[in-house]
Structure formats: structure tokens, C-alpha cells
Amino acid sequence: MFHLVGQTLRRIRQRKKHLSRSLSRRPLQASASYTSGGGGEESMADNDIEDLEMQVVRYKPEGLDTLCKNTKFTRKELQIMYRGFKQECPTGIVNEETFKEIYAQFFPQGDASAYAHYVFNTFDHDHNGSISFEEFVMGLSVLSRGTFQERLQWAFSLYDVNGDGVITKEEMLDIVTAIYEMMGRYTEPSIDDTTAREHVERVFQKMDTNRDGVISVEEFMDTCRRDENITRGMSIFDTVL
């Protein structure tokens, strides 16, 4: 898994700036509700107009001062990010389908939908099916400027799919498989389902030090800290916006 993580992190490093720009530039499909519907619009009943307005509620983010305290971005950086985010996402949120479409653009050699789903869940803190501007910048802050400990904690939350505080073998297999599907022909070496299971089995045995059948956050952290490949992989996120 460590070699696999290194490949993935290098690819994400190459795409990260483009991904964050796309999230702030790409309009939500829901924004089409703002466009004119032609001559029929004038004949729309008043109550229909009210219903439409209720469906497209603009989301207002927290103040910049609060975001400055909760992230590692400067006020100026947040202003720039929000300006683009607001311009192209008038509702103030990004849904999962849009998130998947963006990932698909930057990993065309494979199928990024499953991995994008798991990453989306780590950003969607309140699990309401959408990512607000706050959730977006807080997640980006951890990945781009968080401490090694914070990035490991994010990685653990990615593998802990159901959020119960431990990683099962099935959860690890789901994430590893999703990563390979996303990497497509760039996966080295290319693997099938059987090889993936064998690979996960080896890594799981290494991390599950007390042999209780699950990986705790402490076991995950300790194993990753001792592995130079993980350390190098996490360091590539060091960047300045």
C-alpha cells in the first residue's frame, strides 16, 4: 500500500492546483435554475416562482476572520478563493456529482468516481451531501499545509469509511481498489482483484499489531510514522498557494 500511496500522492500533487481552481470555477448544475426558461417564464404562476426561489437557497459562509482561525490560509488567499467559488457556484455548495466530474477530468486514464466519493465524504463534515466553502477550504488546508500528524489523521478518516474509529480489512480493500481504478494504466504494477486482496492482507497484518482484526488510529499512526515511503509521500503536499 505504501508504494501505491506514493504514486497517488505524486499524481495528486500534479493535479491539486487544477482541482482547487476547478472547484472554484465550475458552476453547479443547480445554477441552471437561474437561467431564463424562454417565453414560458413570463406565464409562470406566482406560486411556482416562489417554489423555485425556495429551492435555490444561497449558502452564506462564515466570516473570513473565523476561517483564518480555522485554516492555515491568509485572509487574502481566502478572499481570492471565495471570489471564484461564489462566482461560479452561486448556491455556495458543491455536490458529489460535480466533485466526481472534476476528478474525472484530471484522471482520464482511469475511473475516479469511487475514490472521489470517498474523498468527498472526508470533506463533507456534516454529511449533508454537499461541500460548503468552509468545508472545502478546511479540507484543502489540512492537505496542503497541515502537519504530518494532521495529514495522517485525514488519511485515516479516508480509510475509515464508516467513521467508527477503526479500519477494517474490507474498508482498506475498498480504498486501495478505488485508487487503482483511478490511476488506471499508470498503476505500477497493474493488478487484478486477487492481487489487490493479497496486497491489502500484507499491509493489514503489518498495521494490526495487536491482532484484533481492525486497525486503530494509534496503530495506523505508529506504522505510518515508521515508514519512510509514507513520510516522503505526505511531505509532497507542502506547498504555497
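Predicted model: local features only at pLDDT ≥ 70, side-chain atom pairs only at ≥ 80, totals over all residues.

Me: Is His127 buried or exposed?
Reply: The cut-off for exposed is over 50% relative accessible area. His127 has 61% relative accessibility, so His127 counts as exposed.

Me: What is the phi of His127?
Reply: Most residues other than glycine have a negative phi. His127 is a residue other than glycine, yet its phi is positive. The value is near 55 degrees.

Me: Which loop holds Arg211, and what is its phi?
Reply: Arg211 lies in the loop between helix 10 (193-207) and strand 4 (215-216). At 51% relative accessibility, Arg211 counts as exposed. Although Arg211 is not a glycine, its phi is positive, at about 55 degrees.

Me: Moving on to helix 11, is Glu219 buried or exposed there?
Reply: Glu219 is found in helix 11. Buried means under 20% relative accessible area. Glu219 has a relative accessibility of 7%, so Glu219 counts as buried.

Me: Which side chain makes a polar contact with the side chain of Glu219?
Reply: Leaving aside neighbours within four places in sequence, Glu219 is in contact with Met207, Asp208, Thr209, Asn210 and Val214. The C-alpha atoms of Glu219 and Asp208 are separated by 6.6 Å, with the two residues 11 apart along the chain. The polar contact with the side chain of Glu219, at 3.1 Å, is made by the side chain of Thr209.

Me: How do helix 8 and helix 11 pack, and is the crossing left-handed or right-handed?
Reply: Helix 8 and helix 11 (residues 217-226) have their axes 10 Å apart and pack at an angle of about 125 degrees. The two helices are therefore oblique to each other. The contact is made by Phe148, Gln149, Leu152, Gln153, Ala155 and Phe156 of helix 8 and by Val217, Phe220, Met221, Cys224 and Arg225 of helix 11. Helix 8 passes helix 11 in a crossing that is right-handed.

Me: And how does helix 7 pass helix 8, in a left-handed or a right-handed crossing?
Reply: Helix 7 (residues 133-145) and helix 8 (residues 148-159) pack at an angle of about 125 degrees, and their axes are 8 Å apart. That makes helix 7 oblique to helix 8. As helix 7 passes helix 8, the crossing is left-handed.

Me: Which residues of helix 8 does Val142 touch?
Reply: Val142 lies in helix 7 and counts as partly exposed at 25% relative accessibility. Its C-alpha atom is 7.7 Å from that of Trp154, a residue 12 places away along the chain. Not counting residues up to four places away in sequence, Val142 touches Glu150, Arg151 and Trp154.

Me: Which residues of helix 5 are buried, and how wide an arc do they cover?
Reply: In helix 5 (residues 96-106), the buried residues are Glu96, Thr98, Phe99, Ile102, Tyr103 and Phe106. They lie on the same side of helix 5, because the arc they cover around the axis is only 160 degrees.

Me: Which residue has its backbone oxygen 3.2 Å from a polar atom of the Gln109 side chain?
Reply: Gln109 lies in the loop between helix 5 and helix 6 (113-123). With a relative accessible area of 12%, Gln109 is buried. The backbone oxygen lying 3.2 Å from a polar atom of its side chain belongs to Met182.

Me: Finally, what share of the residues counts as buried across the chain?
Reply: The chain has 12 helices and 4 strands. Among contacts between residues at least 6 apart in sequence, 72% join residues at least 24 apart. Of the 241 residues of the chain, the share that counts as buried is 44%.

Note on methods:
Residues numbered from 1 in each chain as written. Heavy atoms only, no water. Buried < 20%, exposed > 50% of the residue type's maximum accessible area, 1.4 Å probe, protein only. Arc of directions from axis to C-beta. Polar contact = N/O pair within 3.5 Å; in protein donor to acceptor, adjacent residues only side chain to side chain. Axes fitted to C-alpha atoms, helices over the stretch in contact; angles between N-to-C directions. Parallel < 35°, antiparallel > 145°, perpendicular 65-115°, else oblique. Left-handed = near helix turned anticlockwise from the far one by under 90°. Contact = heavy atoms within 4.5 Å.
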